[in-house]
Amino acid sequence: MIKVSAMTKVYEMGAAEVRALDGVDLVIEEHEFVSITGASGSGKSTLMHLLGCLDRPTSGGYEFDGDAVHQFSDRQLARIRNQSIGFVFQTFNLINRTSAIDNVAVPLIYGRRGSAKANAMEALERVGLADRAKHTPSELSGGERQRVAIARAIVNHPRLILADEPTGNLDTRTGNQILEIFHSLHADGATIVLVTHEMHVALQGERLIKMVDGKIVDDVSVTNELRKQFVQSGTQHFGRSERVLTEAGE
Ligand code: ADP
Ligand code: MG
């Protein structure tokens, strides 16, 4: 589904250059559940933006379903985003003073389908929020807002769901409810790419990628053995889990 080759992204900051992505090669098959982890500033969000066709690489290639999307026009990129990709952000990015159902219906304005309300309602039902359809974001809890954001992301039935720190602003219990939704979308056939700096969240995926300074430095399958090692290490500290990861990779 995804084939990234030698991808770089360089931001010009006045005289200075920030090399946010520094030669990333990555293949993701349809129906995988991939977690991406790494310290702040390691390029996770930049990679997600590029995978989500929200931006173009400085150099390198990105094939989505065999199409060279790095050569696509803005219009073509918008079309892929709308038809095939759902994006979930840490800060929900909902429109204030607009009801849950109207937030969810936003992508349908550009879509092909007839009954926006019915489709938006169906997506809200999918995340268990049908009874909050008329509430505005300020009338919802953090977990509920994120569920609305997920409903918006899935309203066009995308095959790829990209989630950038989706549980970062939520307590553990609420975060786990959100993760359950991703598991259920995965079970229904979606491909999931989830960015998180929390190991217990990352280990919910079936493949774990680690980034350092714009590069992928680790890419391993998540086994139950690895999950057990992490639980037994009794810490969520990144340095510890890093060692677990290295051992598991050998
Ligand atoms: P992460 O999500 O892992 O924290 P980011 O992808 O957001 O990392 O950022 C990677 C690097 O690129 C950082 O050094 C960040 O400051 C820089 N960066 C990200 N976005 C921009 C931007 N729009 N303009 C300039 N620099 C940016
Ligand atoms: Mg980020």
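Q: Which residues form a nonpolar patch on the surface?
A: Y11, M13 and V18 do, with about 280 Å² of accessible area together. Patches are made of residues with over 30% relative accessible area and no salt bridge; like charges are joined within 9 Å, nonpolar side chains (Val, Leu, Ile, Met, Phe, Trp, Tyr) within 5 Å. Accessible areas come from the Shrake-Rupley method with a 1.4 Å probe, and for residues only the protein chains shown count as cover.

Q: Before we go on, what kind of model is this?
A: This is a predicted model, where local features need pLDDT of at least 70, side-chain atom pairs count only at pLDDT 80 or more, and totals for chains, interfaces and linings use all residues. Residues are numbered from 1 along each chain as its sequence is written, chains are lettered from A and ligands numbered from 1 in the order in which they are written, and side-chain values use heavy atoms, with hydrogens and water left out.

Q: Back to Y11. Where does Y11 lie?
A: Y11 is in strand β1, residues 2–13. Helices (H or I, at least four residues) and strands (E, at least two) are DSSP runs, numbered from the N terminus.

Q: And why does Y11 count as partly exposed?
A: Because its relative accessibility is 33%. Buried means under 20% relative accessible area, exposed over 50%, and partly exposed in between (1.4 Å probe, protein chains only).

Q: Now the inside. Which residues touch the most other members of the largest nonpolar core?
A: V104, L124, V148, I150, F182 and L185 do, in a core of 35 residues. A nonpolar core is a set of buried Ala, Val, Leu, Ile, Met, Phe, Trp, Tyr and Cys residues joined through side-chain atoms within 4.5 Å.

Q: Which elements give two or more residues to this core?
A: They are α3 (100–109), α4 (116–126), α5 (142–154), β7 (160–164), α6 (172–187) and β8 (191–195). The most comes from α5, with six residues.

Q: What is I150 in contact with?
A: Leave aside its neighbours within four places in sequence, and I150 is in contact with V88, V127, I178, I181, F182 and L185. Contact means heavy atoms within 4.5 Å.

Q: What about a second core?
A: A separate one has 29 residues, including M7, I28, V34 and V195.

Q: Why would residues like that group together?
A: In soluble globular proteins, nonpolar side chains tend to be buried together.

Q: Switching to rings. How many aromatic pairs are there?
A: The count comes to two. Rings of Phe, Tyr and Trp (its six-membered ring) pair if their centres lie within 6.5 Å; planes under 30 degrees apart count as stacked, over 60 as edge-to-face and the rest as tilted.

Q: What sort of pair do Y62 and F64 form?
A: Edge-to-face, at 6.5 Å centre to centre and 80° between the planes. Y62 is buried at 2% relative accessibility. F64 is buried too, at 1%.

Q: Why is the F87 and F89 pair called stacked?
A: Because the ring centres are 4.7 Å apart and the planes are at 15°. F87 is buried at 12% relative accessibility, while F89 is partly exposed at 21%.

Q: Is R97 buried or exposed?
A: R97 is exposed, at 80% relative accessibility. Its place is the loop between β6 (85–88) and α3. R97 touches T136 and P137, not counting residues up to four places away in sequence.

Q: How many salt bridges does the structure hold?
A: There are 13. A salt bridge is a side-chain nitrogen of Lys or Arg within 4 Å of a carboxyl oxygen of Asp or Glu.

Q: Which residue forms a salt bridge with D22 at 2.8 Å?
A: K215 does, with 2.8 Å between the closest N and O atoms. K215 lies in strand β10 (residues 215–221) and D22 in strand β2 (residues 16–28), so the pair ties together parts that are 193 residues apart in sequence.

Q: And what does R19 pair with?
A: R19 forms a salt bridge with D22, the closest N and O atoms being 3.6 Å apart. Shared partners join R19, D22 and K215 into one network.

Q: One more. What is the R159 salt bridge partner?
A: E30, with the closest N and O atoms 3.1 Å apart. R159 sits in the loop between α5 and β7 and E30 in the loop between β2 and β3 (33–38), so the pair ties together parts that are 129 residues apart in sequence.
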